[in-house]
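Let's take a quick tour of one protein chain. Have a look at the model first, and then we'll go through a few spots together.

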Amino acid sequence: MPLNRRTLLSLSVLPAIPAFTGSAEVPAKGVRFEHGVASGDPLTDRVILWTRISGVDKPVDVVWQVARDDTFSDIVAQGRVTADAGRDYTVKADAASLMPGTAYSYRFIAKDVTSPVGRTHTLPETTDDVVLAVVSCSLHSNGYFNAYRHIAGLDRVDAVVHLGDYIYEYGAGPEDYGMGNGRTLGRTPEPPYEIVSLTDYRTRHAQYKRDDDLQAAHARAPWICVFDDHEICNNPWVGGAENHNPEKGEGRWWDRKAAALKAYREWMPIRDPAPKQLSETIYRSFRFGQIAELIMLETRLLARSKQLDYGTDLKIIDGKPDYAGFAHALNDPGRQLLGPRQTQWLGETLTTSVRDGVRWQVLGNQVLMAKNPGPDIVRVLGEQRVDEVLSVLPADARAKVQAMIGLFSGGNAMPFNLDAWDGYPAERERFYELIKASGARVVVTSGDSHTAWANELHDAKGQRVAVELGVTSVTSPTKFLDAWLPDLHLARTLAEQNPEVIAADDSYNGYVRLTLTKDEMSGEWMSVDTITSKTFACVSQKRFIAYPVEAGVSALTVSG
């Protein structure tokens with residue numbers, strides 16, 4: 001049977017922080033800025049500015065302004081753009097001729113109505129340190145965006161790095177993902193069904209950006225984003241997706257993907273693709289002086305081979321699972337995530353970054369990269385306890401747990417998540433060869449898993465080539481197996497059983513605060529204590545440190 005995340009699922013209190021500074025009075029009718037302001041994709045001399053005009057049904061001119069101060073007494077750049085129905089009345093401006101490493105305020109004006117004021121920052125040419133807030137997996141229905149609110153209140157954040165699942169595609173049915181909390185909190189998806197059309201995706205993006213906490217985080221600093229799967233639908237690959245079914249009236253995959261990407265490009269503060277470039281081409285890099293190069297990858301739509309599935313690809317021969325045959329298919333060198341063009345670009349980017357003396361190469365990567373075999377449930381619980389648990393589970397849950405025991409216990413070391421890099425080991429080795437060839441000091445940041453990770457990455461020969469910090473979710477559900485196996489403690493078990501996993505925790509929501517200097521990489525698991533109340537606390541739960549070594553990265557040390 002298929003095993004994936006969907007089937008496995010069945011200090012002080014912070015004061016209120018204004019969503020943004022300088023908010024103008026909202027008119028009762030006519031032009032409104034209901035979705036806040038945002039900036040993104042900063043360079044040394046420019047940054048993308050974003051907003052959306054509500055309350056109009058015909059094209060409207062919008063003025064944008066960038067200033068050195070919140071009062072806009074010192075405007076350094078301004079221009080005019082048009083909001084119209086073709087882009088769902090969203091507007092983006094590429095504000096240029098700015099100074100490197102400089103903080104700015106920005107705003108929009110339409111029909112004499114002024115937007116809230118946002119803060120942004122250009123990339124530095126020189127700097128002593130870089131501070132990034134890394135986030136992933138924000139399911140609106142499942143809880144309040146307290147992690148975003150905390151980021152909005154940080155004294156220092158140079159950029160927010162979003163690794164995907166900014167929105168989710170699911171509906172508002174009683175069994176839909178996150179709706180247990182959604183019904184209680186009154187956070188019902190709009191529209192209240194699974195999104196498929198362009199109008200659907202636009203409506204869902206609009207709902208998310210009405211959230212005050214999300215608006216606050218967008219107005220705090222520039223964002224650097226990639227999509228993962230749920231901006232389109234669950235677990236896509238180059239030719240389709242697990243959660244797309246034309247036979248259920250969801251239309252052609254290509255039409256759905258195009259609609260999702262168009263809405264994403266409209267509603268996110270990112271640069272549009274270059275002429276003749278596919279909208280899927282979202283990989284790009286950002287240099288923070290000599291300290292760090294942030295390299296954003298695309299592993300979902302451009303080249304990904306179809307995910308293997310234990311239920312359909314693990315064959316039964318003479319009554320026994322053919323693990324050798326499955327391993328052969330898994331290690332097929334033709335299986336891809338990046339594709340040849342992105343791989344070439346990545347190798348050139350790493351090489352150039354190292355040649356130019358940049359200290360750290362940080363990867364914005366959608367899915368977990370470490371080798372992570374599934375949990376040996378029998379070894380942890382013992383055969384007697386496993387039998388007791390199986391005897392009281394419902395039939396469908398019992399079948400899934402029995403499948404996991406067969407896959408991961410008794411000496412088998414099958415990957416826990418075939419949608420992650422573990423499902424593409426040959427591609428991972430090709431990436432590791434790029435790291436070694438360039439001499440890069442690589443820190444991988446990864447999303448998607450709803451779990452916090454600290455991993456050391458090794459090639460097939462056992463050489464450490466990089467470290468990885470996986471970020472838990474902003475609000476998406478954690479603790480996937482607790483309802484069935486409360487004694488297993490999945491994340492802790494995976495850390496204990498797998499050599500590459502130094503630490504893992506699936507007990508909270510939050511983000512990673514990543515600080516880089518010439519001499520040190522520090523990554524903190526920032527934990528919020530609740531997502532079901534607007535009153536919350538956020539603490540640094542653990543801190544992981546690595547140091548630059550000759551043509552590489554040291555082992556991780558842990559504090560906290």
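A polar contact here is a pair of N or O atoms within 3.5 Å, where one must be able to donate a hydrogen and the other to accept it. Keep that in mind for Thr475: a polar atom of its side chain sits 2.7 Å from the backbone oxygen of Leu139. And remember that what you're looking at is a predicted model.

**Around Thr475**
- You'll find Thr475 in the loop that runs between strand E21 (464-470) and helix H14 (490-497).
- Thr475 has 0% relative accessibility, so it counts as buried, the cut-off being under 20%.
- Leaving out residues up to four places away in sequence, Thr475 touches Leu139, Asn509 and Ile531, among others.

**Strands side by side**
- Strand E23 (residues 509-517) pairs with strand E9 (residues 129-135) in the antiparallel sense, over six bridges.
- E23 also pairs with strand E24 (residues 521-528), again antiparallel, over eight bridges.
- With three residues between them, E23 and E24 make a hairpin.
- Follow Arg513 in E23: it is the bridge partner of Ala133, and it stands opposite Glu524 in E24.

**Around Leu337**
- Leu337 lies in the loop between helix H8 (323-330) and helix H9 (339-355).
- Leu337 is buried too, because its relative accessibility is 0%.
- Among the residues Leu337 touches, not counting those up to four places away in sequence, are Glu298, Arg304 and Trp421.
- Glu388 is 51 residues from Leu337 along the chain, and their C-alpha atoms are 41 Å apart.

Technical notes:
Residues numbered from 1 in each chain as written. Predicted model: local features only at pLDDT ≥ 70, side-chain atom pairs only at ≥ 80, totals over all residues. Heavy atoms only, no water. Pairing = 2+ DSSP bridges. Helix = DSSP H or I, 4+ residues; strand = E, 2+ residues; numbered from the N terminus. Buried < 20%, exposed > 50% of the residue type's maximum accessible area, 1.4 Å probe, protein only. Contact = heavy atoms within 4.5 Å.
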